[in-house]
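My entries follow in the order in which I looked.

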Amino acid sequence: GWVFTTRGLVSAEVFSDFLEMARHLIAEHYKDPAAVMVGSVLEEHLRQLCSKNSIAIEATKSDGSLVPLKADALNGELARANIYSKLDLKNVTAWLDLRNKAAQGKYAEYTEAQVDHMLRAVSDFIARIPL
């Protein structure tokens with residue numbers, strides 16, 4: 001389901017590689033780095049979807065400098081622009097929360113099974129909502 005653009009093809013290959021690495025980490029029972037890796041792929045996909053659809057990925061601070069928008073903000077903007085459904089919005093929010101728990105060392109707040117489910121769901125999401 002990837003659009004046949006150079007950017008889309010390169011992104012598909014890179015995302016696939018990282019998701020495959022996460023699959024290996026889960027198989028070896030390293031749920032925490034796998035969760036961070038899957039979440040990072042998801043966040044980059046959101047950024048690229050925003051760019052593709054002319055949605056800002058940065059905000060201007062009062063001093064004129066640019067700051068990247070957080071993944072949750074990108075998620076909201078993509079749903080508001082009807083790039084994907086409200087159900088997708090809620091799923092992405094949950095996946096980003098799991099990634100944040102892993103990145104913040106809250107390892108007891110999620111299970112290996114949840115990370116495995118996140119990996120499969122994010123892979124499906126990327127295939128359904130291509131660049």
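I began with Asp32, whose side chain makes a polar contact with the side chain of Lys31 at 2.8 Å; a polar contact is a pair of N or O atoms within 3.5 Å, where within protein one must be able to donate a hydrogen and the other to accept it, and residues adjacent in sequence count only if both atoms are side-chain atoms. The model is a predicted one, in which local features need pLDDT of at least 70 and side-chain atom pairs count only at pLDDT 80 or more, while totals for chains, interfaces and linings use all residues. Residues are numbered from 1 along each chain as its sequence is written, and side-chain values use heavy atoms, with hydrogens and water left out.

I placed Asp32 in helix H2, helices being DSSP runs of H or I with at least four residues, numbered from the N terminus. Leaving out residues up to four places away in sequence, I found that Asp32 touches Ala102, Tyr107 and Tyr110, contact meaning heavy atoms within 4.5 Å.

Next I looked up the largest nonpolar core, which has 33 residues, of which Leu42, Leu46, Tyr84, Val92, Trp95 and Phe125 touch the most other members. Such a core is a set of buried Ala, Val, Leu, Ile, Met, Phe, Trp, Tyr and Cys residues joined through side-chain atoms within 4.5 Å, buried meaning under 20% relative accessible area with a 1.4 Å probe, protein chains only. H2 gives the largest share of this core, 8 residues.

Conventions:
Buried < 20%, exposed > 50% of the residue type's maximum accessible area, 1.4 Å probe, protein only. Helix = DSSP H or I, 4+ residues; strand = E, 2+ residues; numbered from the N terminus.
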